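User: Could you walk me through this structure, one question at a time?

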Amino acid sequence: MSWHAQLSLNLAMLGSLTIVVAHHMYSMLPYPYLATDYGTQLSLFTHHMWIDGFLIVGAVVHATIFMVRDYKPTTRYNDLIDRVLRHRDAIISHLNWACVFLGFHSFGLYIHHDTMSALGHPQDMFSDTAIQLQPVFAQWIQNTYVLAPSATAPGVTTSISLTWGSGDLLAVGGKVALLPIPLGTTDFSVRHIHAFTIHVTSDVWGSISNQGVVTHIMGGNFAQSSITINGWLRDFLWAQASQELIETLAWTHERTPLASFMRWRDKPVAVSIVQARLVGLAHFSVGYIFTYAAF
């Protein structure tokens, strides 16, 4: 096998493992006092997601080098790669159909929620307090995780991670360390990994007073804010919105007379395919690692 193909597979597997580590770092904490050190949790999560971003990009790059330089169709007839390439039109069309289907239905659901919210009909929205869409399979896995300790280790009555289990709030030094997170309609409606990250930061992290009143850092309103577009833009997606704003300002600046006076008069109107791919890779890497993955 080509060295580039082998390296691509290894980078992809290591990148996937890094994603798993990043998300288990805050949901199944390895050290007790890490639960109340929110800055350290964010730093560890961001650190591992940055590593994942570079590893996945490297996997794609080396897979591309393998296909361009090392892959020979005449010597690899009718193997897995050859069959995928010969059926690529059907595969891409089906994936495109699935993406369009999911995109239209998901975005349509959010438009429905924003419309019902604006018209004052919260009872017609898909939420835990109105029309419910419960993630029954995820809830079954969560319940299995809760019952596993007593079945596999006699005498153990609680699960390793309170986040996935059940019980009371656990506080250390006046800060919320762990808190059970029941899965509901919002976890079913949005992407699960990204949703659970924000679910933890919104509904778990915070402080507790002497009277037992919990004050969450992000308001503890994940179930309400994540079912509408306005809620996401207001409470959760400020990083992505900032990136879009910066790119818009930069694009506008490059087209002003001042830009022509200070930099160049003959601005390029087109790029080559290689240049476009390089720009796309750079935007994906920077945008993914410094905005989505970091938050």
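User: Is Gly58 buried or exposed?
Analyst: This is a predicted model, in which local features need pLDDT of at least 70, side-chain atom pairs count only at pLDDT 80 or more, and totals for chains, interfaces and linings use all residues. Residues are numbered from 1 along each chain as its sequence is written, and side-chain values use heavy atoms, with hydrogens and water left out. Buried means under 20% relative accessible area, exposed over 50%, and partly exposed in between, using a 1.4 Å probe and protein chains only. Gly58 has a relative accessible area of 17%, so Gly58 is buried.

User: Where is Gly58 found, and how many Å separate its C-alpha atom from that of Ser8?
Analyst: Gly58 is found in helix H2; helices (H or I, at least four residues) and strands (E, at least two) are DSSP runs, numbered from the N terminus. Ser8 is 50 residues apart from Gly58 along the chain, and their C-alpha atoms are separated by 7.1 Å.

User: Which residues does Gln41 touch beyond its neighbours up to four places away in sequence?
Analyst: Gln41 has its place in helix H2, residues 38-70. Its relative accessible area is 3%, so Gln41 is buried. A contact means heavy atoms within 4.5 Å. Leaving out residues up to four places away in sequence, Gln41 touches Tyr26, Leu29, Leu34, Ala35, Thr36 and Trp205.

User: What is the volume of the largest cavity, and which residues are closest to its centre?
Analyst: On a 1 Å grid over the protein atoms alone, a cavity is a set of points where a 1.4 Å probe fits but cannot get out, and lining residues have an atom within 4 Å of a point. Grid points are joined across faces, edges and corners, and a volume is the space filled by probe spheres set on the points. The count comes to 1 cavity of 30 Å³ or more, and the largest cavity has a volume of about 50 Å³. Of the 10 residues that line the largest cavity, the closest to its centre are Tyr26, Ala177, Leu178, Val200 and Val204.

User: Where does UniProt place the feature "transmembrane region", and how much of residues 90-111 is helix?
Analyst: The unreviewed UniProt entry places this feature at residues 7-29, 49-69 and 90-111; such annotations may be inferred rather than shown by experiment. Residues 7-29 are 91% helix and 0% strand. Over residues 90-111, where the end C-alpha atoms are 31 Å apart, the chain is 100% helix.

User: Why does the end-to-end distance of helix H4 agree with its number of residues?
Analyst: The expected span of a helix is 1.5 Å times one less than its number of residues. Helix H4 (residues 88-118) has 31 residues and should therefore span 45 Å. This agrees with its end C-alpha atoms, which are 44 Å apart.

User: What is the phi of Asn78?
Analyst: Most residues other than glycine have a negative phi. Asn78 sits in the loop between H2 and helix H3 (80-86), and it is partly exposed, with a relative accessible area of 39%. Although Asn78 is not a glycine, its phi is positive, about 65°.

User: What is the relative accessibility of Trp232?
Analyst: Trp232 lies in helix H9, residues 229-235. Its C-alpha atom is separated by 9.3 Å from that of Phe222, 10 residues apart along the chain. Trp232 counts as buried, because its relative accessibility is 9%.

Terms used
1 Å grid on protein atoms, 1.4 Å probe; cavity = no way out; pocket = protein on both sides within 12 Å on 5 of 7 lines; lining within 4 Å.
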